[in-house]
Amino acid sequence: MEAHAQYGSGATLHDLWHRLPGGARSELLRRSAEADWWILDALPSHWEALRPLVFSEAAYHRFGALAAGVLRCALLACRRRAGTAGELYRALHDHRDLRLLDPAQRLSAAVLLRMARPDALLVGGTPWFVELNIGPNIYGVPGLEQRSAAFVRGWRDGVLAEPPSTLRARASCLAGAVPAGSRGSRTLVPTWRATSGIAAKLDGTGALRRYLGPAAAAARAAGLDVSVADLSEVRGGAGGLWVGDDRIDVVFNQFASPVLADGGSVGVLRAAVLAGSVQLFVPEASCLLSAKQVLAWMHEDLDLYEPADRELILAHVPWTAWLGPEQPPELRRSVLARAVRERAGLVVKPSCGRGGAGFAAGHQVPARDWLDLLTQRSRERTLVLQRRLVPDRTRMHFRSRDGARKVALVPFVLSPFLLDSRIAGAYVRHPGPEADAADAPVNTAAGGVSNTVLLLPDTEP
């Protein structure tokens, strides 16, 4: 693997905030505490972080290369089991109603790995990738870049720099998805009605349109002809899609189809996708690669990888195994036996779960209940067992909505955005300063605090 060979498996990341001049740190915290801004999120926390994480610029880019390598190895595991999206859907025993999935979609890295945001925990500075998060609905916080810019403005010596812009990188990636040589190609940035997800959290179509405003503006800045309209206004089908007089070539789909409430619009869009008359910026097949069972496949396949890829997986993907319907009995017995032996060092979660639902840490489950929990849950849906990690913590300053301030030593989840396998920006989540964060996943829907990163140049040879 070229990226792995270039950067090596020993890449580490450490929050360098404490190495910065004390006076400048105090000044930034003071300015942040007095600022009249709050991160733009559909579900903001009661708390906000008053300073970013600070990483070496060189280490940040090595981290991105590692993440890209892990994603590529994940796709290789999928390709060993399937050649198309339909075959992969069946191999995963996936029961989600992915209404925009094209079963004939080939498992192409250029298309399926177009946009990802893998979740990593740092242990002694070493990144461990615990979830892959590949698909259309992973951005979620357009205010991150405003937050990064505000932190940079508040840093008085000008040394800290913003990471590459996720918005611009995504717009460039979107421009690359427009059919080459198509005159008058048009991209649709749609609003939509939903039963869950970002559109359901926001108060109406107008709020969703404002939320998507930065994406539409960045796409226009990248040279694209953009229409902004609700999915209910789209007409056509297999012969093509139109909004008014404009034929649509690419749909910027910041949603997964199961959340869509407008069945008629889904039908129109599905007909066009299956006929190939319109392209989804991120095909729904990408969602399949987010299944945590794929991490288990990577460990099952260790002997099939090239040595550098095998080293990458062992060094940056915690041991993961799966339990589920139609599992070979011998494999099931082996996984359950290990789960019983190593209960205190494992966590369990649904292969296709979101938001921490269904998560349990083995050391918090009585030994007499652990085996029953695994066997009963895995009869109906696929679970994964994963090695429990105790992540690094950093001293973080927080402000509440009522102005109260707290300082707490908290863990964090670090999630790089990868656009066409290149890192651009990052999403950080902390538990709040009053949360018991011993093992529970850090989830913004449950009060997790969103944050961002800044980069410190020239800290390494």
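Does Glu326 count as buried or exposed, and at what relative accessibility?

## A first look

Welcome to this structure. It is a predicted model, in which local features need pLDDT of at least 70 and side-chain atom pairs count only at pLDDT 80 or more, while totals for chains, interfaces and linings use all residues. Residues are numbered from 1 along each chain as its sequence is written, and side-chain values use heavy atoms, with hydrogens and water left out.

Now to the opening question: Glu326 counts as exposed, at 67% relative accessibility. (Buried means under 20% relative accessible area, exposed means over 50%, and partly exposed lies in between, with a 1.4 Å probe and protein chains only.) Glu326 sits in the loop between β13 (320–323) and α14 (329–341). Its phi is positive, about 65 degrees, although Glu326 is not a glycine. The helix and strand names used here are DSSP runs numbered from the N terminus: helices are H or I with at least four residues, and strands are E with at least two.

Let us move to an open sheet of 3 strands, which come in the order β8-β9-β10 with antiparallel pairing. The edges are held by β8 (235–237) and β10 (246–248), each with a single partner strand, so one side of each has no neighbour in the sheet. On average, neighbouring strands here are turned by 25 degrees against each other, direction ignored. Helix α10 (residues 263–275) packs on this sheet and touches β8 and β9, its direction making about 45 degrees with that of β8. (Contact means heavy atoms within 4.5 Å; axes are lines fitted to C-alpha atoms, for helices over the stretch in contact, and angles run from 0 to 180 degrees between N-to-C directions.)

Two strands pair if DSSP finds at least two bridges between them. β8 and β9 (residues 240–243) pair in the antiparallel sense over 3 bridges, and Arg235 stands opposite Trp242 in β9.

## A helix with a kink

Helix α9 (residues 204–221) has 18 residues and reaches 26 Å from its first C-alpha to its last, close to the 26 Å expected at 1.5 Å a residue. (The expected span is 1.5 Å times one less than the number of residues.) At Leu212 in α9 there is a kink of about 45 degrees, shortly before the proline Pro214. (The bend at a residue is the angle between axes fitted to the seven residues ending there and the seven starting there.)

Among the buried residues of α9 are Ala207, Leu208, Tyr211 and Leu212. The helix's buried residues pack against α7 (166–177), β6 (186–191), α8 (198–201) and β7 (225–230). Just after α9, Gly223 takes a positive phi of about 95 degrees.

## An enclosed strand

What surrounds strand β14 (residues 346–350)? It is largely enclosed by the rest of the structure, because 5 of its 5 residues are buried. Both faces are covered: Leu346, Val348 and Pro350 are buried on one side, and Val347 and Lys349 on the other. In a regular strand the side chains alternate between the two faces of the sheet.

β14 runs antiparallel to strand β16 (residues 383–387), joined by 5 bridges, with Val347 opposite Gln386 in β16. A further 2 bridges join β14 to β15 (residues 360–361), again antiparallel; here Val348 stands opposite Ala360.

## A hairpin and a buried serine

Strands β19 and β20 run antiparallel and are joined by 6 bridges; Leu414 stands opposite Val428 in β20. Their hairpin has 2 residues between the strands, and Asp420 takes a positive phi near 50 degrees there. Ser421 lies in the loop between β19 and β20 (422–430), and has a positive phi of about 70 degrees although it is not a glycine. With a relative accessible area of 39%, Ser421 is partly exposed. β20 itself is mostly covered, with 8 of its 9 residues buried. β20 also pairs with β21 (residues 449–451) in the antiparallel sense over 3 bridges, and His430 stands opposite Val449 in β21.

Ser415 lies in β19 (residues 413–419) and counts as buried, at 0% relative accessibility. Its side chain joins that of Arg429 in a polar contact of 2.8 Å. (A polar contact is a pair of N or O atoms within 3.5 Å; within protein, one must be able to donate a hydrogen and the other to accept it, and residues adjacent in sequence count only if both atoms are side-chain atoms.) Leaving aside neighbours within four places in sequence, Ser415 is in contact with residues including Arg117, Pro118, Asp119 and Tyr427.
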